[in-house]
Amino acid sequence: MALSLLYPLLLATFLFMQTLADTSFVQSRAAFYPNSQENGTDVGACEFGSFGATVNGGDVSAASNLYRNGVGCGACYQVRCSNSALCSDNGVTVVITDSGSGHNTDFILSQRAFGRMALNTDAAASLLALGVLDIQYRRVSCSYPNKNITVKIHESSNNPHYLAFVIWFQQGSRDITAVQLCETQNFVCKLLDRSHGAVWTTTAPPSGPLTLRMLFSPEEEGEETWVVPVNNIPQDWKAGQTYDLGVQVDQ
């Protein structure tokens, strides 16, 4: 008798917990880049360049409201479509690398990411034929195993007069909302401007090797944290070069 009463109770508890888990998802719609290659685009508004086409295996997306004037660049989202006959439960995790919208969508996925929401190869072809899907999404932590946060010096930079860069392999589930550039000897810091997309800039940057301080902030209310990388940007930094900052962030 006790077991017969316990089973319905456990089932009801499981269904209740499942319902709670699903409330973290937001209802929306998604399309895909119709004229793109399988991966993303290397001319996205975030200014990631070729990195923006291939990061996360090419599972990337443009966003509309989630772009947030560039603050959303580098953020990761779990996106799953709603057609149970074609779509997997887990969907796909994408990185925001561009700005764009269409058909009342929050996401315009790479073709690769759009197809990876499907149950199998045949279902992926059916999803691509539909073109626009009802989806659910939620913010998730970005994870890049064996990769540190890296700075790519923008091609417009001119040492020592003007420095612009983007941050690659942004990790965790918080936004980078401020960046300071500091002299390594006296640690005098200068707050940088977000010029557009994910591009941080300054005129007359400090001389010598440079240390970054990055402010990681939650999308909603919560604690902000300054992260100081292990490695510096060298004094002879050059446009087009990348510099491994030697730090990972897991929150």
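This is a predicted model: local features need pLDDT of at least 70, side-chain atom pairs count only at pLDDT 80 or more; totals for chains, interfaces and linings use all residues.
**Exercise 1. The disulfide count and pattern**

Find how many disulfides the whole structure holds, and state their pattern along the chain.

*Solution.* 
- Step 1. Search the whole structure: four disulfides turn up.
- Step 2. Count the bonded cysteines along the chain. The pattern reads 1-2, 3-6, 4-5, 7-8.
- Step 3. A disulfide is a covalent bond between the sulfur atoms of two cysteines.

**Exercise 2. Cys 46 and Cys 73**

Describe the link of Cys 46 and Cys 73, and explain which parts of the chain the pair ties together.

*Solution.* 
- Step 1. Check the distance. The sulfur atoms of Cys 46 and Cys 73 are 2.0 Å apart, and the two form a disulfide.
- Step 2. Read the torsion. The S-S bond of Cys 46 and Cys 73 has -90°, so the link is left-handed.
- Step 3. Cys 46 sits in the loop between strand E1 (26–32) and helix H2 (50–54). Cys 73 sits in the loop between strand E2 (60–63) and strand E3 (76–81). The pair therefore ties together parts 27 residues apart in sequence.
- Step 4. Sort by accessibility, with buried meaning under 20%. Cys 46 has 0% and is buried. Cys 73 has 3% and is buried.

**Exercise 3. Two further disulfides**

*Solution.* 
- Step 1. Take Cys 81 and Cys 87. Their sulfur atoms are 2.0 Å apart.
- Step 2. Take Cys 182 and Cys 189, joined at an S to S distance of 2.0 Å.

**Exercise 4. The faces of helix H4**

Work out how the buried residues of H4 are arranged, and what covers them.

*Solution.* 
- Step 1. List the buried residues of helix H4 (residues 121–130): Ala 123, Ala 124 and Leu 127.
- Step 2. Look down the axis. The buried residues of H4 fall within an arc of 105°, so they line one face of the helix.
- Step 3. Turn to the face away from the buried side. Thr 121, Asp 122 and Ala 129 are exposed there.
- Step 4. Find the cover. It includes E3, helix H3 (111–115) and strand E6 (133–140).
- Step 5. Inspect the ends. Asn 120 caps the N-terminal end of H4, with a side-chain oxygen 3.2 Å from the backbone nitrogen of Asp 122. After H4 comes Gly 131, with a positive phi near 85°.

**Exercise 5. Salt bridges**

*Solution.* 
- Step 1. Start from Arg 29. Arg 29 lies in strand E1 and Asp 134 in strand E6, 105 residues apart.
- Step 2. Start from Asp 59. Asp 59 is in the loop between H2 and E2, Arg 116 in the loop between H3 and H4, 57 residues apart.
- Step 3. Check accessibility. Asp 59 is buried at 3%, whereas Arg 116 is partly exposed at 43%.
- Step 4. Salt bridges link Arg 68, Arg 139, Asp 175 and Glu 219.

Technical notes. Residues are numbered from 1 along each chain as its sequence is written. Side-chain values use heavy atoms; hydrogens and water are left out. A disulfide is a pair of cysteine sulfur atoms within 2.5 Å. Helices (H or I, at least four residues) and strands (E, at least two) are DSSP runs, numbered from the N terminus. Buried means under 20% relative accessible area, exposed over 50%, partly exposed in between (1.4 Å probe, protein chains only). The arc is that of the directions from the helix axis to the C-beta atoms. Contact means heavy atoms within 4.5 Å. A polar contact is a pair of N or O atoms within 3.5 Å; within protein, one must be able to donate a hydrogen and the other to accept it, and residues adjacent in sequence count only if both atoms are side-chain atoms. A salt bridge is a side-chain nitrogen of Lys or Arg within 4 Å of a carboxyl oxygen of Asp or Glu.
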